[in-house]
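Open the model in your viewer and keep the selection panel at hand. The stops below say what to select next and what is there.

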Amino acid sequence: MKISREDSSKLKFLFLIALDVPKFYNGMITGIMLFQEVLTFILSAIILCLFIIGVYPHRDYEYVSEEDYPHFKIIKAAMEKHKIIPDLHKLFTFYTVQTKFMNGSKSAQMGNELSKEDTQEPPHISYCHDDDAYYTIIMSDLDAPTPGKPYLREWLHWLVVNIPRDNITAGETLGEYIAPVTKNFTGRHRYVITAYRQPGGFRQLRFHEDRLDNKSDVGRVRFSTNTFANDYNYGDPWAMNFWYMSHDNKRWHK
(Lines give C-alpha, C1' and ligand atoms only; values in the text may rest on other atoms or scores of the structure.)
Protein backbone atom coordinates (compact mmCIF):
# COMPACT_ATOMS: atom_id res chain seq x y z
CA MET A 1 0.00 0.00 0.00
CA LYS A 2 1.46 3.24 -1.10
CA ILE A 3 1.22 6.33 1.07
CA SER A 4 0.87 9.54 -0.76
CA ARG A 5 3.13 12.46 -0.08
CA GLU A 6 0.17 14.35 1.39
CA ASP A 7 -0.68 11.48 3.75
CA SER A 8 2.97 11.17 4.69
CA SER A 9 3.07 14.84 5.67
CA LYS A 10 -0.07 14.39 7.79
CA LEU A 11 1.40 11.35 9.56
CA LYS A 12 4.62 13.22 10.22
CA PHE A 13 2.64 16.15 11.64
CA LEU A 14 0.64 13.82 13.91
CA PHE A 15 3.83 12.10 15.02
CA LEU A 16 5.42 15.42 15.95
CA ILE A 17 2.31 16.39 17.88
CA ALA A 18 2.44 13.07 19.74
CA LEU A 19 6.04 13.76 20.69
CA ASP A 20 5.11 17.23 21.98
CA VAL A 21 2.13 16.08 24.10
CA PRO A 22 4.29 14.99 27.11
CA LYS A 23 6.17 18.27 26.93
CA PHE A 24 2.86 20.13 26.81
CA TYR A 25 1.51 18.29 29.83
CA ASN A 26 4.77 18.67 31.73
CA GLY A 27 4.69 22.40 31.05
CA MET A 28 1.06 22.58 32.14
CA ILE A 29 1.82 20.66 35.36
CA THR A 30 4.77 22.96 36.05
CA GLY A 31 2.52 25.97 35.51
CA ILE A 32 -0.11 24.57 37.87
CA MET A 33 2.51 23.89 40.54
CA LEU A 34 3.89 27.42 40.15
CA PHE A 35 0.38 28.84 40.43
CA GLN A 36 -0.19 26.79 43.60
CA GLU A 37 3.04 28.13 45.10
CA VAL A 38 2.09 31.72 44.29
CA LEU A 39 -1.40 31.18 45.71
CA THR A 40 0.04 29.62 48.87
CA PHE A 41 2.38 32.61 49.30
CA ILE A 42 -0.49 35.09 48.86
CA LEU A 43 -2.70 33.23 51.34
CA SER A 44 0.17 33.04 53.84
CA ALA A 45 0.75 36.79 53.51
CA ILE A 46 -2.96 37.47 54.07
CA ILE A 47 -3.02 35.23 57.16
CA LEU A 48 0.11 36.93 58.52
CA CYS A 49 -1.45 40.37 58.01
CA LEU A 50 -4.63 39.28 59.77
CA PHE A 51 -2.56 37.87 62.63
CA ILE A 52 -0.59 41.10 63.01
CA ILE A 53 -3.76 43.18 62.93
CA GLY A 54 -5.33 40.93 65.56
CA VAL A 55 -2.32 40.80 67.89
CA TYR A 56 -0.87 44.29 67.72
CA PRO A 57 -3.14 47.18 68.67
CA HIS A 58 -2.62 49.48 65.68
CA ARG A 59 -5.54 51.86 65.36
CA ASP A 60 -7.19 53.93 62.69
CA TYR A 61 -6.95 57.52 63.93
CA GLU A 62 -8.94 58.92 61.01
CA TYR A 63 -12.23 57.44 62.17
CA VAL A 64 -12.39 58.00 65.92
CA SER A 65 -15.83 57.72 67.48
CA GLU A 66 -16.41 60.05 70.43
CA GLU A 67 -18.98 57.56 71.68
CA ASP A 68 -16.35 54.80 71.82
CA TYR A 69 -13.46 57.05 72.93
CA PRO A 70 -15.00 60.00 74.80
CA HIS A 71 -11.65 61.32 76.10
CA PHE A 72 -9.74 61.14 72.83
CA LYS A 73 -10.01 64.85 72.00
CA ILE A 74 -8.89 65.84 75.50
CA ILE A 75 -5.92 63.46 75.34
CA LYS A 76 -4.97 64.60 71.85
CA ALA A 77 -5.14 68.29 72.79
CA ALA A 78 -3.06 67.77 75.94
CA MET A 79 -0.38 65.71 74.17
CA GLU A 80 -0.05 68.41 71.50
CA LYS A 81 -0.11 71.36 73.89
CA HIS A 82 2.53 69.95 76.22
CA LYS A 83 4.61 68.42 73.39
CA ILE A 84 4.36 64.85 74.59
CA ILE A 85 4.12 64.48 70.83
CA PRO A 86 6.78 64.57 69.42
CA ASP A 87 9.11 64.59 72.47
CA LEU A 88 8.05 61.08 73.51
CA HIS A 89 5.27 59.57 71.43
CA LYS A 90 4.47 59.82 67.73
CA LEU A 91 0.80 58.85 68.05
CA PHE A 92 -2.06 59.79 70.32
CA THR A 93 -3.56 57.31 72.77
CA PHE A 94 -7.25 56.58 73.11
CA TYR A 95 -7.15 55.99 76.87
CA THR A 96 -5.71 57.61 79.99
CA VAL A 97 -3.77 55.91 82.76
CA GLN A 98 -5.60 56.82 85.95
CA THR A 99 -2.69 57.77 88.23
CA LYS A 100 -3.50 58.46 91.88
CA PHE A 101 -1.09 59.35 94.68
CA MET A 102 -1.54 59.90 98.42
CA ASN A 103 -4.35 57.34 98.76
CA GLY A 104 -6.23 59.00 95.94
CA SER A 105 -6.09 62.56 97.28
CA LYS A 106 -3.67 63.59 94.49
CA SER A 107 -3.76 62.52 90.86
CA ALA A 108 -2.19 63.18 87.48
CA GLN A 109 -4.57 65.10 85.20
CA MET A 110 -2.88 65.42 81.82
CA GLY A 111 -0.59 68.32 82.66
CA ASN A 112 -1.40 69.49 86.19
CA GLU A 113 1.31 70.09 88.78
CA LEU A 114 2.20 67.75 91.62
CA SER A 115 4.83 68.23 94.30
CA LYS A 116 7.71 66.09 95.48
CA GLU A 117 5.72 65.27 98.61
CA ASP A 118 2.74 64.12 96.53
CA THR A 119 4.72 61.51 94.60
CA GLN A 120 6.93 59.83 97.21
CA GLU A 121 5.15 56.47 96.92
CA PRO A 122 4.22 54.54 93.75
CA PRO A 123 0.82 55.61 92.44
CA HIS A 124 -2.27 53.49 92.19
CA ILE A 125 -2.69 52.70 88.50
CA SER A 126 -5.74 51.76 86.47
CA TYR A 127 -6.68 51.94 82.78
CA CYS A 128 -9.10 50.51 80.26
CA HIS A 129 -7.91 46.97 79.54
CA ASP A 130 -8.71 43.66 77.92
CA ASP A 131 -9.22 40.68 80.19
CA ASP A 132 -7.05 38.43 78.03
CA ALA A 133 -3.94 40.61 77.80
CA TYR A 134 -0.80 41.62 79.66
CA TYR A 135 0.43 45.21 79.88
CA THR A 136 3.57 47.23 80.55
CA ILE A 137 3.82 50.48 82.54
CA ILE A 138 6.71 52.92 81.98
CA MET A 139 7.22 56.16 83.91
CA SER A 140 9.93 58.58 82.81
CA ASP A 141 11.11 62.19 83.08
CA LEU A 142 11.30 63.90 79.68
CA ASP A 143 13.17 67.00 80.87
CA ALA A 144 16.32 65.80 82.59
CA PRO A 145 18.39 67.64 83.55
CA THR A 146 16.56 70.77 82.31
CA PRO A 147 13.71 71.36 79.83
CA GLY A 148 15.97 73.60 77.75
CA LYS A 149 18.74 70.99 77.50
CA PRO A 150 17.23 67.55 78.12
CA TYR A 151 20.36 65.63 77.12
CA LEU A 152 19.63 62.95 79.76
CA ARG A 153 16.15 62.24 78.34
CA GLU A 154 14.55 59.96 79.35
CA TRP A 155 15.23 59.36 83.04
CA LEU A 156 13.46 56.12 83.93
CA HIS A 157 11.51 56.18 87.21
CA TRP A 158 9.46 52.99 87.02
CA LEU A 159 9.12 49.95 84.76
CA VAL A 160 6.70 47.07 85.32
CA VAL A 161 5.92 44.39 82.72
CA ASN A 162 3.67 41.34 82.40
CA ILE A 163 0.85 43.11 84.22
CA PRO A 164 -2.34 41.03 84.01
CA ARG A 165 -5.11 43.44 83.04
CA ASP A 166 -4.40 46.50 85.27
CA ASN A 167 -3.26 44.61 88.36
CA ILE A 168 0.19 46.19 88.61
CA THR A 169 1.01 44.47 91.92
CA ALA A 170 0.88 41.14 90.06
CA GLY A 171 3.29 42.36 87.38
CA GLU A 172 7.03 41.80 87.01
CA THR A 173 9.11 44.79 88.13
CA LEU A 174 12.12 45.52 85.93
CA GLY A 175 12.77 48.96 87.42
CA GLU A 176 11.72 49.73 90.99
CA TYR A 177 9.92 53.00 91.61
CA ILE A 178 12.12 56.03 92.27
CA ALA A 179 10.20 59.13 93.28
CA PRO A 180 10.95 62.39 91.46
CA VAL A 181 13.43 64.54 93.35
CA THR A 182 13.32 68.29 92.91
CA LYS A 183 16.54 70.16 92.13
CA ASN A 184 16.50 73.91 92.36
CA PHE A 185 16.66 76.02 89.23
CA THR A 186 16.22 73.16 86.76
CA GLY A 187 12.74 74.17 85.62
CA ARG A 188 9.46 72.30 85.30
CA HIS A 189 9.76 68.64 84.33
CA ARG A 190 7.17 66.48 82.61
CA TYR A 191 6.64 63.05 84.13
CA VAL A 192 4.87 60.64 81.81
CA ILE A 193 3.30 57.27 82.54
CA THR A 194 2.64 55.14 79.45
CA ALA A 195 0.79 51.83 79.26
CA TYR A 196 1.40 49.35 76.44
CA ARG A 197 -0.65 46.31 75.59
CA GLN A 198 1.82 43.46 75.19
CA PRO A 199 1.55 41.29 72.05
CA GLY A 200 0.65 37.62 72.14
CA GLY A 201 -2.61 37.71 74.05
CA PHE A 202 -2.70 36.34 77.59
CA ARG A 203 0.88 35.09 77.50
CA GLN A 204 3.76 36.52 79.49
CA LEU A 205 6.86 37.73 77.67
CA ARG A 206 10.44 36.99 78.62
CA PHE A 207 12.52 40.09 79.30
CA HIS A 208 16.31 40.15 79.24
CA GLU A 209 16.98 43.53 80.87
CA ASP A 210 18.84 43.79 84.17
CA ARG A 211 16.56 44.36 87.15
CA LEU A 212 17.01 47.86 88.53
CA ASP A 213 16.67 48.57 92.25
CA ASN A 214 15.80 51.99 93.65
CA LYS A 215 19.25 52.66 95.09
CA SER A 216 21.07 53.63 91.87
CA ASP A 217 20.50 55.46 88.61
CA VAL A 218 22.42 52.82 86.63
CA GLY A 219 20.36 51.83 83.59
CA ARG A 220 17.93 54.71 84.04
CA VAL A 221 19.68 57.64 82.37
CA ARG A 222 18.90 58.10 78.66
CA PHE A 223 16.35 55.33 78.74
CA SER A 224 14.16 55.14 75.63
CA THR A 225 10.51 54.17 75.95
CA ASN A 226 10.22 53.84 72.17
CA THR A 227 13.27 51.60 71.84
CA PHE A 228 12.02 49.33 74.63
CA ALA A 229 8.58 49.16 73.01
CA ASN A 230 10.05 48.40 69.58
CA ASP A 231 12.32 45.69 70.98
CA TYR A 232 9.28 43.77 72.18
CA ASN A 233 6.93 44.65 69.29
CA TYR A 234 4.46 46.52 71.47
CA GLY A 235 2.89 48.55 68.71
CA ASP A 236 1.16 51.83 69.51
CA PRO A 237 0.99 53.16 73.09
CA TRP A 238 -2.23 52.03 74.76
CA ALA A 239 -2.80 54.74 77.36
CA MET A 240 -0.90 57.56 79.07
CA ASN A 241 -0.99 60.38 81.58
CA PHE A 242 1.45 63.02 82.74
CA TRP A 243 2.05 65.80 85.19
CA TYR A 244 4.54 68.56 85.91
CA MET A 245 6.82 69.01 88.89
CA SER A 246 8.52 72.33 89.52
CA HIS A 247 12.26 72.14 90.10
CA ASP A 248 12.63 75.85 90.80
CA ASN A 249 13.17 77.37 94.21
CA LYS A 250 9.58 78.51 94.06
CA ARG A 251 6.47 76.52 93.22
CA TRP A 252 5.09 77.40 89.79
CA HIS A 253 1.42 78.38 89.55
CA LYS A 254 -0.85 78.59 86.54
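Select Tyr196, Phe207, Phe223, Phe228, Tyr232 and Tyr234, which form one aromatic cluster. Rings of Phe, Tyr and Trp (its six-membered ring) count as a pair if their centres lie within 6.5 Å; planes under 30 degrees apart are stacked, over 60 edge-to-face, and the rest tilted. This is a predicted model: local features need pLDDT of at least 70, side-chain atom pairs count only at pLDDT 80 or more, and totals for chains, interfaces and linings use all residues. Residues are numbered from 1 along each chain as its sequence is written, and side-chain values use heavy atoms, with hydrogens and water left out.

The structure holds 16 aromatic pairs. Tyr196 and Tyr234 make a tilted one, 5.3 Å centre to centre with 40 degrees between the planes. This pair links distant parts of the chain, 38 residues apart: Tyr196 is in strand β9 and Tyr234 in the loop between α4 (225-231) and β10. Helices (H or I, at least four residues) and strands (E, at least two) are DSSP runs, numbered from the N terminus. Next, show Phe228 with Tyr234: the pair is edge-to-face, 6.0 Å centre to centre and 75 degrees between the planes. Tyr196 and Tyr234 are buried, and Phe228 is buried (under 20% relative accessible area; exposed is over 50%, partly exposed in between; 1.4 Å probe, protein chains only).

Move to Arg188, which lies over the face of Tyr244 at 3.9 Å from the ring centre. The criterion is NZ of Lys or CZ of Arg within 6 Å of the ring centre and within 35 degrees of the ring normal.

Now select Tyr127 and Ile137, the residues with the most contacts inside the largest nonpolar core, which has 39 residues. Such a core is a set of buried Ala, Val, Leu, Ile, Met, Phe, Trp, Tyr and Cys residues joined through side-chain atoms within 4.5 Å. Elements giving two or more residues to this core include α2 (72-81), β6 (134-141) and β10 (239-246). The largest share, six residues, comes from β10.

Last, select α2. Its buried residues are Phe72, Ile75, Ala78 and Met79. Seen down the axis of α2, they fall within an arc of 135 degrees, so they line one face of the helix (the arc is that of the directions from the helix axis to the C-beta atoms). The buried residues of α2 pack against α3, β1 (95-96) and β10, contact being heavy atoms within 4.5 Å. On the other side of α2, Lys73, Ile74 and Lys81 are exposed.
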